Amino acid sequence: MNYRVILLATILFTSSYSFAGFSSYENFSSNGGVVAPIMLNEQGLFNLAVSVQFIREPYEKAPYESDEYHSLISRLSVEWQGVAIQNILDTPSIEHADLSDIKKAIESSIDKLIRETKSKYGIKDSTEVVYTVDSFYLTEAARK
């Protein structure tokens, strides 16, 4: 009897934790994040994971309740991913300390995208679009 309980507990324990890491990238990318390869000098290939969240309803709701504003945010929520991936892929091999420069470049590119896209939706330049980089971290690339 004790043998069966121990065997069952072992199976439940190992099965729940053994697959925990496999769903991480899937959930990450389905929630609007991107993962792209980056080379760190003398350390090898890594994956850089980035996610951005746009605030859909800022504190003062007056200009933000329009359909145009919501359409803008929906479009930006998708288009920022291409901008981020392009910045990462355009980066040559870097030092670990230079990751903050990549983050700043991504934020700068997103700011430019926001400025360019506002006019397409008839949104005033003075209308604030608030976003945050939720995640920005490295993971070791899978090795064979």
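**Notebook: helices, sheet and salt bridges**

I work with a predicted model, in which local features need pLDDT of at least 70 and side-chain atom pairs count only at pLDDT 80 or more, while totals for chains, interfaces and linings use all residues. Residues are numbered from 1 along each chain as its sequence is written, and side-chain values use heavy atoms, leaving out hydrogens and water.

**Entry 1: helix H3**

I began with H3, residues 67-89. Helices (H or I, at least four residues) and strands (E, at least two) are DSSP runs, numbered from the N terminus. H3 has 23 residues and spans 34 Å from first C-alpha to last. That is close to the expected 33 Å, taken as 1.5 Å times one less than the number of residues.

Next I looked for its buried residues (under 20% relative accessible area; exposed is over 50%, partly exposed in between, with a 1.4 Å probe and protein chains only). Among them are Tyr69, Leu72, Ile73, Leu76 and Trp80.

**Entry 2**

I traced an open sheet of three strands, ordered E1-E2-E3 and paired antiparallel. Strands pair if DSSP finds at least two bridges between them. E1 and E3 (131-140) are the edge strands, each pairing on one side only. From one strand to the next, the twist averages 25°.

I followed the E1-E2 pair residue by residue. Eight bridges join the two strands. Gly33 faces Ser51 of E2, and Met39 faces Leu45 of E2. H3 packs on this sheet, touching E1 and E2, and its direction makes about 10° with that of E1. H4 packs on the sheet as well, touching E1, E2 and E3, at about 145° to the direction of E3. These angles run from 0 to 180 degrees between N-to-C directions, with axes fitted to C-alpha atoms, for helices over the stretch in contact. In the E1-E2 hairpin, three residues lie between the strands, and Glu42 has a positive phi near 60°.

**Entry 2: two loop residues**

I looked up Ile55, in the loop between E2 (44-54) and H3. Ile55 has 40% relative accessible area, so it is partly exposed. Beyond its neighbours within four places in sequence, Ile55 is in contact (heavy atoms within 4.5 Å) with Tyr69, Ile73 and Val130. Val130 is 75 residues away in sequence, yet the C-alpha atoms are 5.6 Å apart.

Thr91 sits in the loop between H3 and H4. It counts as buried because its relative accessibility is 19%. Neighbours within four places aside, Thr91 touches Ile38 and Ile102.

**Entry 3: salt bridges**

How many salt bridges does the structure hold? I found two, each a side-chain nitrogen of Lys or Arg within 4 Å of a carboxyl oxygen of Asp or Glu. Side chains of opposite charge can pair when their charged atoms come close.

Glu79 bridges to Arg75, with closest N and O atoms 2.4 Å apart. Both lie in H3, four residues or about one turn apart. Glu79 is partly exposed at 27%, and Arg75 is partly exposed at 35%.

Glu116 bridges to Lys112 at 4.0 Å between closest N and O atoms. Both belong to H4, and they are about one helical turn apart because four residues separate them. Glu116 is partly exposed at 43%, as is Lys112 at 45%.
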